[in-house]
Amino acid sequence: MKVTAVIINLLYFLALAPFLEGVMRKVTARIQSRQGPPLYQPYLDLLKLLGKENLNAAGHPVFRLAPLLAFASVLSAVALLPLAGQSSFLAHSSDLMTLIYFLTLSGFFILIGALASGNPFAGVGASREMMTIIMLEPVLAMTLILGVVRAGSLNLLAATGGVSSARGLSYFLMMAVYLVALQAFVSRQPFDIPEAEVEILEGPYIEYSGPNYALFRYTLNLKRMFYSWLFVAGFLGFWLPGSPVLNLAIQTVLILVLFVLISVVGATHPRFRMDQALKFYAVLVLLSLVAVGLGVRGW
Amino acid sequence: MWLWNKIKQLAISFRAGMVTLHYPFEPRPAPEGFRGQPVWDHTKCIGCAGCASHCPARTIFLRDICQELRILLYDSSRCTYCGRCADLCPEKAITMSDKFELATDNRQDITQSLELFMMTCQRCGRCYDLEIKNYIDRLSSLGYRYDSLEARKVIRRSTADFSPEELEKTVTYERPGRLEK
Amino acid sequence: MSRKEELVRWLEKELDGNFISAEATIPGRLFIDLKREALSAAATGLMNRGARYQVGVGYDARKSGQGFGLVHTFAFDKDSLLVALRTFAPEDDPEFDSLTPLIPGAGWSEREYQDLLGLRFRNHPNPRRLVLSDDWPEGIYPLRREVPHDLMPPAAEEVAFRLEEAPPGTSIVPLGPFHASLHEPAHFSVYVDGEDIKGCEYRGFMTHRGIEKLAQTELTYNDVPFVAERICGICGSVHSVNYAQAVEAAAGLRIPRRAEFIRMVALELERLHSHLLWLGVAGHLIGFDTVFMQAWRIREKIMWLAERLTGNRKTYGMVIIGGVRRDINQDRSEDIRAVLKEVEREMLALEKAILKDRTIHKRTRGVGYLSREEAVKWNLIGPVARARGVDMDARRDHPYAAYDEVQFEVPLADSGDVWGTLVVRVKEVYEAIKIINQCLDKLEKLPKNEPLSVDLEGPIPAGRQGLSLVEAPRGEAVHYVLTGEENRPERWRVRAPTYPNLQAVPSMLLNNKLADFPIIVGSIDPCISCTDRVLVVERRSGKARLLSGQELENLSRGKRSKK
């Protein structure tokens with residue numbers, strides 16, 4: 001029975017993640033006075049890519065393995081999540097640290113893949129990605145640590161619930177920080193710097209094509225969905241009903257709303273330069289530390 | 001300030017609504033006077049070769065294959081749709097249609113060819129049109145034709161003997177690629 | 001005493017026996033023939049008198065027994081005067097003094113004729129191959145008379161170039177020949193230290209189509225406007241009008257006033273859509289796709305208007321020698337006014353929304369800075385120069401068509417960066433709308449049945465020179481025509497506005513971030529297909545080199561080039 005919960009976790013994420021990209025594209029298109037592709041377009045894109053020849057442009061086994069490993073790590077992270085307010089089957093053998101490990105691991109494999117491709121653009125993209133990870137992972141960690149501080153447990157369910165348990169100053173500060181950081185987590189303007197299309201041509205993914213690229217795309221979709229799920233489950237968790245089915249439905253709607261918001265912000269901003277973004281991130285990290293500090297004081 | 005700006009930007013977008021079409025399912029007709037694919041009306045064409053000798057892209061070819069038959073071949077693949085041929089045609093046999101969706105994998109789809117029956121000059125053996133004879137002169141004044149026509153390679157003048165190879169060459173005319181020694 | 005008389009008198013005195021003749025065909029033009037010994041002295045004198053160098057034109061004059069001709073043109077913007085210095089060199093000794101040490105902007109032109117005509121330039125600081133591709137065999141000079149226009153000689157072998165190492169502490173990021181931010185093939189090899197640009201090599205000329213040669217060997221006077229229109233994907237009318245003006249000047253043809261105004265409408269419509277296109281592309285280059293789409297949505301109204309007026313969205317096909325092909329009648333004039341009113345309204349809204357956007361300031365202010373002095377030194381033109389406070393506009397300084405009869409402002413900015421070019425271009429949109437409206441007023445007052453074009457009385461005599469300027473959206477375009485026999489030009493030279501502007505790009509790039517590369521290159525609105533030139537500038541050593549196809553491939557697969 002509990003294994004089924006893990007499978008539901010995976011299925012929920014796998015099925016919905018590309019759809020959210022479709023929503024993003026549709027909303028962006030509307031803001032740009034275009035019709036935009038149909039909502040199911042990302043599924044078609046993935047299918048198309050999966051049907052293509054699997055080219056190993058770099059001739060390096062790491063290049064080939066990186067997408068698989070990145071995809072696997074993000075799936076592992078997803079499997080741990082206490083979806084719908086229910087503790088995962090894997091909860092007894094995992095905690096918050098495991099989740100952060102898996103997430104960082106998937107980012108790490110993207111970097112490895114980019115560096116293995118040997119392309120100078122991928123190199124620039126990887127260095128940007130690396131800086132983004134270094135600057136932004138703390139924000140994610142701090143958010144969860146705030147929950148840990150509140151709940152006094154590293155258990156994922158407790159931690160995500162803990163984030164919103166006391167809606168004091170720290171809660172609102174952290175929520176604001178997370179919302180801004182979310183734009184970078186999902187790599188939309190103004191923070192889509194690592195894969196800036198006109199500058200470094202999708203950066204880390206430039207040499208990838210076919211099924212390898214499809215896996216990366218899927219990985220990114222899953223990650224983006226995860227980050228917005230975390231916002232909904234963490235900051236808005238108190239508002240979700242107890243019934244798992246209803247809970248999941250409301251979560252889905254909230255995630256959709258969040259994606260619409262992300263798309264609107266993304267469509268109305270130019271891309272920042274890395275140096276400008278880093279200053280921004282530094283402020284975010286500082287603020288998140290302050291929020292945790294406030295959380296410790298119980299504010 | 002920042003937020004107000006973004007709202008203004010969104011307002012521009014939403015006031016304009018959705019402007020893209022569901023093309024190609026929803027066609028956009030070309031306006032009047034559009035310069036699309038030129039169409040030859042064989043009933044009006046007198047075979048004066050005005051279009052062939054003024055085409056800036058040199059994509060209209062003419063050849064007499066015997067003393068009574070003149071072939072006009074329009075190869076659309078290089079056409080720039082400038083409409084010069086339609087301007088100059090003395091009989092208005094060429095119209096610029098509103099067709100512009102001309103992408104094809106078969107060159108023949110967009111090639112037009114006319115077979116024109118001509119009279120033959122008893123003195124020089126070349127084709128001519130019996131009725132009116134000053135069209136070429138009229139064309140000259142429209143297009144400043146003070147150049148030597150004989151120097152033009154692509155407009156084939158009439159030949160006494162018909163050779164199928166020559167015709168074939170015209171149809172599959174391609175740019176010479178080597179230095180002529 | 002006018003500037004023209006003063007120049008002629010001075011040249012006669014200064015050059016003594018080396019001065020051959022001076023000819024003033026139409027007001028504002030002065031064609032001077034010199035002996036080649038005096039070229040350098042005459043050019044120095046002109047530059048000292050405040051001239052601006054434009055372009056060099058080399059041609060094959062062996063048929064008339066004069067060997068090879070070389071024309072350098074100069075502009076006196078304050079006096080509305082263009083001066084062309086022509087010299088000849090015998091066939092067996094085609095060597096001229098190089099003007100490049102004196103005028104850096106002449107370097108490209110001279111190297112071009114070194115490649116295309118086999119001329120030699122004494123004391124040229126950088127006499128390397130420029131225009132021809134790497135594998136073009138030695139000793140075949142395409143612009144020479146005996147070489148057919150469609151020659152495809154077997155490729156020379158073993159012509160690979162040594163790649164220069166990146167300066168210490170930097171690595172190469174190859175941007176191009178195909179890159180999302182360059183919409184045409186051009187290759188920038190950018191040396192970066194982390195994200196900072198420390199130098200740049202440029203190589204272009206990958207889309208050389210030999211249009212000039214084609215016009216000189218195959219086409220006739222009246223065919224060329226339609227081919228000239230296809231020089232550029234955006235400013236086609238600029239080139240066809242410019243060419244027609246040069247031929248008309250050479251032939252002494254005065255076109256009907258109605259045709260002049262119609263040409264102006266076409267030119268300004270082109271400026272409108274070109275600037276809106278640029279605004280959109282600039283938005284795209286800084287990752288702001290909504291500006292891109294909205295600017296292009298507004299632009300689309302102009303494209304559809306052009307389609308109704310001329311029969312095509314972009315290649316208007318309006319110009320023939322002696323006039324235009326289609327009229328703008330009352331109905332069409334009202335149509336234009338209505339569309340322009342709407343465009344102006346939309347543009348004002350867009351301007352308000354984006355010019356005050358702090359996030360856009362962040363990406364454009366202080367980016368790609370170049371001082372006014374450097375802009376003058378590099379001979380920058382058009383909005384790129386006006387953004388640096390250089391007050392110049394061919395429409396005002398060298399009026400053609402009927403630009404002297406309309407009122408308009410020349411917008412200037414002094415920020416010297418990408419932001420300045422953005423502001424200048426946005427303001428020019430309103431000026432263009434103003435000019436079109438004035439043209440329509442004038443057109444409505446002109447007699448309705450005036451002919452749209454005039455015919456020539458007879459063949460255009462050979463050997464006449466015509467020089468014409470048109471202020472394209474990107475800056476001034478120069479066309480030089482030397483009339484020839486058989487109803488076609490003996491020489492037709494096109495200098496597109498990007499040609500001088502592109503030279504300054506490596507300077508603009510220096511010490512900026514790699515992320516700003518697209519918008520800096522984009523800020524000059526490069527039109528590679530117009531420019532069609534190869535240039536390699538290495539900022540640190542000033543050395544030039546070319547790349548082979550294999551090396552380009554290696555570059556794009558960085559891994560293999562390391563082997």
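Mentor: In β2(C), I32(C) is the bridge partner of A22(C). Before we build on that pair, some conventions are needed. Residues are numbered from 1 along each chain as its sequence is written, while chains are lettered from A and ligands numbered from 1 in the order in which they are written. The model is predicted, so local features need pLDDT of at least 70 and side-chain atom pairs count only at pLDDT 80 or more, whereas totals for chains, interfaces and linings use all residues. Helices (H or I, at least four residues) and strands (E, at least two) are DSSP runs, numbered from the N terminus. Two strands are said to pair if DSSP finds at least two bridges between them.

Strands of a sheet pair through backbone hydrogen bonds, in either a parallel or an antiparallel way. β1 and β2 are part of an open sheet of five strands in chain C, whose order is β1-β2-β5-β4-β3 and whose pairing is mixed. At its edges stand β1 (19-23) and β3 (52-60) of chain C, each of which pairs on one side only. On average, neighbouring strands of this sheet are turned by 20° against each other, direction ignored. Such angles are taken between axes, which are lines fitted to C-alpha atoms (for helices, over the stretch in contact), and run from 0 to 180 degrees between N-to-C directions.

A helix accompanies this sheet. Helix α3 of chain C, residues 106-116, lies across β3 and β4 (68-76) of that chain and runs at about 5° to β3(C). A UniProt record, an unreviewed entry, places the annotation "domain: NADH:ubiquinone oxidoreductase 30kDa subunit" on residues 34-148 of chain C. UniProt positions are given in the numbering used here, feature names are shortened, and annotations may be inferred rather than shown by experiment. In the model, residues 34-148 of chain C are 18% helix and 30% strand, and the end C-alpha atoms lie 30 Å apart.

Another open sheet of chain C has three strands in the order β8-β9-β10, with antiparallel pairing. Its edges are β8 (171-175) and β10 (196-203) of chain C; each has a single partner strand, so one side of each is left without a neighbour in the sheet. From one strand to the next, the twist averages 25°. Five bridges in the antiparallel sense pair β8(C) with strand β9 of chain C, residues 187-193. Within that pairing, V173(C) stands opposite V190(C) in β9(C).

V190(C) also leads us to the core. A nonpolar core is a set of buried Ala, Val, Leu, Ile, Met, Phe, Trp, Tyr and Cys residues joined through C-beta atoms within 7 Å. A residue is buried if 20 or more other C-beta atoms lie within 10 Å of its own, exposed if 12 or fewer, and partly exposed in between, with C-beta atoms placed from the backbone. The largest nonpolar core has 273 residues, of which V83(C), V190(C) and I436(C) touch the most other members. Neighbours within four places in sequence aside, V190(C) is in contact with V173(C), L175(C), I197(C), C200(C), L514(C) and F517(C). Contact here requires that the C-beta atoms of two residues, placed from the backbone, lie within 7 Å.

Strand β13 of chain C, residues 465-472, shows burial along a whole strand. Eight of its eight residues are buried, so the strand is largely enclosed by the rest of the structure. In a regular strand, side chains alternate between the two faces of the sheet. In β13(C), Q465(C), L467(C), L469(C) and E471(C) point one way, and G466(C), S468(C), V470(C) and A472(C) point the other way. Eight bridges link β13(C) with strand β14 of chain C, residues 475-483, in an antiparallel arrangement. A hairpin of two residues connects β13(C) to β14(C), and E471(C) stands opposite E476(C) in β14(C).

Finally, chain C touches chain B, through 36 residues from chain C and 34 residues from chain B. On the chain C side, α5 (224-228), α8 (289-310) and α9 (330-355) each supply at least two residues. Of the elements on that side, α8(C) gives the most, with five residues.
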